[in-house]
Amino acid sequence: MEKPANSRRISDLMGKNNKNILSIYFTAGYPNLGDTTEIARHLQQSGADLIEIGIPYSDPVADGPTIQESNQRALENGMNLDLLMNQLKSSLPSLEIPIILMGYFNPILQYGVERFCADCRQRNIEGLIIPDLPVQEYLTHYHHIFKQYDLHNIFLITPQTSDARIRWIDENSESFIYAVSDASITGAKRGISDRQKAYFERLQSMKLKHPFIIGFGISDHKTFNLACKFANGAIIGSAFINVLKQAKDLESAIHQFVQSVKYHQK
Amino acid sequence: MSFPIDTSGYYGPYGGAFIPEMLFPNVDELRNRYLDIIQDPDFQARFNQLLRDYVGRPSPLFFAQRLSETNGCKIYLKREDLNHTGAHKINNTIGQILVAQQLGKEKIIAETGAGQHGVATATVCALMGMECIVYMGEVDMKRQRPNVERMKLLGAQVRPATSGSRTLKDATNEALRHWINHPVDTHYIIGSVVGPHPYPDMVTRFQSVISEEIKIQLEQQEGRSNPDYVIACVGGGSNAAGAFYHFNQEQKVQLIAVEAAGRGLESGYSAATTSLGKPGVLHGSKTILMQTDDGQVVEPYSISAGLDYPGIGPLHAYLFETGRARFLSATDQQALDAGIKLSKLEGIIPALETAHALAALDQMSFNSDDVVVVNLSGRGDKDLETYIEKGKY
């Protein structure tokens, strides 16, 4: 069914006080150049609620070895932003769940921020995560462009973020806040400690305007469930990249992984 | 203020603090406190005392008579190579470790290319009894083995950066990742005028002692405090920033920055950022960097590990764009030749980084009464193997 032009799926997903939202990250062009849209389709069919497609970059400083390696491999495969936009052009209309792009700022800057936003809008991409574009820099220089194309920029907070700054980020957020679970890069396997639970409880007690979704260190049913006790959902990245790395058949591997995370079923 | 920097850390369009939120509290704390800390009289007294008694400052300004004769002008060498640990790098590490103490940090991390900054960091950590981890590209660890051992001898842990090109850029990535993982007790001593604000400004201030001394020494020796030219090599650009600092407002002083052309600008093996790069964001600041059309960072190349970096400090991008500094480049071969020339003419074996600045002398023409200061940023002991292998002497 045709959706009205202004209906944003991400707002629907975040706006209904939904719980147990499962967001999955993967790197575009990994493991093979042409896998991007197939992986997205399988994720939707398997029951993921939100998809984050990573734009590969040569120097991903917020990422651990697993995602670094997938970035490097995707670049070697020949992935770039032009190609990704082409891939998404043909496939996104068939997807129902919201898609956001995650990428470091320099490739977007070189592509042209306005052109990037226009192309995202045209492909029905609804949100962006740009870890090395600070909130203030975004608000001063780029917010007006993102707004023009109705794109939501999603900000990160961490256990070290002060309450005052969390409030300020909440004020300036759209759709949801990405709560980084610990002081870490992606792919750290530490489980979830009592200290982290205290941080999640602090976030809960702040009664923010926007839902928050927990990422970093979420890898399986147990950590996903625990995160969902505090937040509206959680994001899995490195653990899923490892699944893709080892998958013989993408469809069954993705299905199995998503089901195991959501329902603890194999 | 000697370089025009605004409160957000921009020099014109370049600079800023493009950092992930995970680093915001650290960088914000530093930004809020660095000026108060380093302008405090007690800090200044301690800093200056260490520069004098530990580093051996002021470093001499030496009139190089025989070199002057071959170039037809008056050439002075600012002898940063005579500093403790053999390069200008220690000016900054002394300053930053004192800042780290004021911030209540207990551990130090650093990145290093040639190993000079790593050694300078390991040295001050030993001096202050602080734990030190230095990230170094796996490739650089092989080509600068003596410096790896020096760092270990000084009690530092050297961790190889095994991602990407396994050189300075990747060592910097690893150090940033370490800092993200250890935000509370650790200070990151960046070794050049790169990184998010306030690093470029803070490092520049610590290195500005170079030009402060040149002014006084030149006045004593030449009866004038301003030379006609100041020449320095630029990788990230910390020695150049220090050598230019007090001359930036003196419009008659020509500032010459020399980049590493590697095997030649068009060879595909070069680190001459201003010739080959364009504006972008790397390691926390907007600057000029070598990159593909898609914005992927290009692996640089130079015979000198200290110039083997794909970007330059944002203030240098600004000096380049405004034309305030003139940017030249020297190839591997030109640098080797210039290093050997200085060795034979003046009895000084310069670091290969520094040799690039010396090579610029032969690309320029001077009047006989021109006063030229070359910042002799480091000594060549660490490069002996390269000289032996590739030099013609």
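Where is the place of Ser175(A)? Ser175(A) sits in the loop between helix 9 (163–171) and strand 7 (177–180) of chain A.

## Basis of the model

This is a predicted model, in which local features need pLDDT of at least 70 and side-chain atom pairs count only at pLDDT 80 or more, while totals for chains, interfaces and linings use all residues. Residues are numbered from 1 along each chain as its sequence is written, chains are lettered from A and ligands numbered from 1 in the order in which they are written, and side-chain values use heavy atoms, leaving out hydrogens and water.

## Backbone of chain A

Ser175(A) has a phi near 60°, a positive value in a residue other than glycine. Ser175(A) is buried, with a relative accessible area of 11% (buried means under 20%, exposed over 50%, partly exposed in between, with a 1.4 Å probe and protein chains only). Asn20(A), in the loop between helix 1 (9–15) and strand 1, also has a positive phi, near 55°. Asn20(A) is partly exposed, at 39% relative accessible area. Most residues other than glycine have a negative phi, and most peptide bonds are trans.

The peptide bond from Tyr30(A) to Pro31(A) is cis, with omega near 0°. Pro31(A) belongs to the loop between strand 1 (21–27) and helix 2 (36–46) of chain A. Helices (H or I, at least four residues) and strands (E, at least two) are DSSP runs, numbered from the N terminus.

## The sheet of chain B

Four strands of chain B form an open sheet in the order 7-6-5-8, with parallel pairing (two strands pair if DSSP finds at least two bridges between them). Strand 7 (157–161) and strand 8 (186–189) stand at the edges with a single partner strand each, so one side of each has no neighbour in the sheet. Strand 5 (residues 107–112) and strand 8 of chain B pair over four bridges. Ala110(B) has Ile189(B) of strand 8 as its bridge partner.

## Lys105 of chain B

Lys105(B) lies in the loop between helix 4 (89–102) and strand 5 of chain B. Lys105(B) is buried, with a relative accessible area of 9%. A polar atom of the Lys105(B) side chain lies 3.0 Å from the backbone oxygen of Val184(B). Not counting residues up to four places away in sequence, Lys105(B) touches several residues, including Glu29(B), Met130(B) and Asp185(B) (contact means heavy atoms within 4.5 Å).

Methods: A polar contact is a pair of N or O atoms within 3.5 Å; within protein, one must be able to donate a hydrogen and the other to accept it, and residues adjacent in sequence count only if both atoms are side-chain atoms.
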